Amino acid sequence: DNETHRPLGPVVCISPWNFPLAIFTGQIAAALAGMRIAQPDFDLDAYLTPAGRDLLQRLASRCVLEWPNEVRGAALGSLLEQPLASGEFSRRFADYTAVALAGYTAPIMIGHGIEDAGVPYPLTVALAAEMTAAGTQFDLHTYHSSHDDIAYVAWPDVARFLDRVLA
């Protein structure tokens, strides 16, 4: 809701060269493509230029490994018809990206690397506290790893978790 998810203003991505900026554009485009599917009642196309609508359509039918090629050369500004902070977008995007705190019907394992610069560990600690307050049970595993190597470091715990819940 707008009480807990207030837009903080413009977002600036300072990049020393175009490749990281393409990653940023690709991440935003991927999030919008998912939102378009998850919330078909929302007129996301009103926020997109024809190029933006075309890119999201292409992403919807491509493997995630193909997305960088689809996004290459696209500037974020060329995809947007109007600011994302306008109208209903902010509330709808906050709803789309929110993590449910309760209501899960299957076991949950959360693994997080404390050296993760992309998703800071305190965010996971806060989520875990909120889930606990909501009565959700989960397994939390903390690793001395970064965002890039968490899958490798956590794999033994993931395998044990899957063995347990799929048995």
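User: Is Q39 buried or exposed, and how is that decided?

Analyst: Buried means under 20% relative accessible area and exposed over 50%, with partly exposed in between (1.4 Å probe, protein chains only). Q39 has 10% relative accessibility and therefore counts as buried. This is a predicted model, in which local features need pLDDT of at least 70 and side-chain atom pairs count only at pLDDT 80 or more, while totals for chains, interfaces and linings use all residues. Residues are numbered from 1 along each chain as its sequence is written, and side-chain values use heavy atoms, leaving out hydrogens and water.

User: Where does Q39 lie, and which residues does Q39 touch?

Analyst: Helices (H or I, at least four residues) and strands (E, at least two) are DSSP runs, numbered from the N terminus. Q39 lies in the loop between α1 and α2. Contact means heavy atoms within 4.5 Å; not counting residues up to four places away in sequence, Q39 touches R92, D95 and Y96.

User: Which residues does F89 touch?

Analyst: Leaving out residues up to four places away in sequence, F89 touches L32, M35, F42, L44, Y47 and L84.

User: How is an aromatic pair described, and how many are found in the whole structure?

Analyst: A pair of aromatic rings is described by the distance of the centres and the angle of the planes. Rings of Phe, Tyr and Trp (its six-membered ring) pair if their centres lie within 6.5 Å; planes under 30 degrees apart count as stacked, over 60 as edge-to-face and the rest as tilted. The search of the whole structure finds 5 aromatic pairs. The F42 and Y47 rings have centres 5.8 Å apart and planes at 35°, so the pair is tilted. Y47 and F89 also form a tilted pair, because their centres are 5.4 Å apart and their planes at 50°. This pair links distant parts of the chain, 42 residues apart: Y47 is in the loop between α1 and α2, F89 in helix α5 (residues 89-97).
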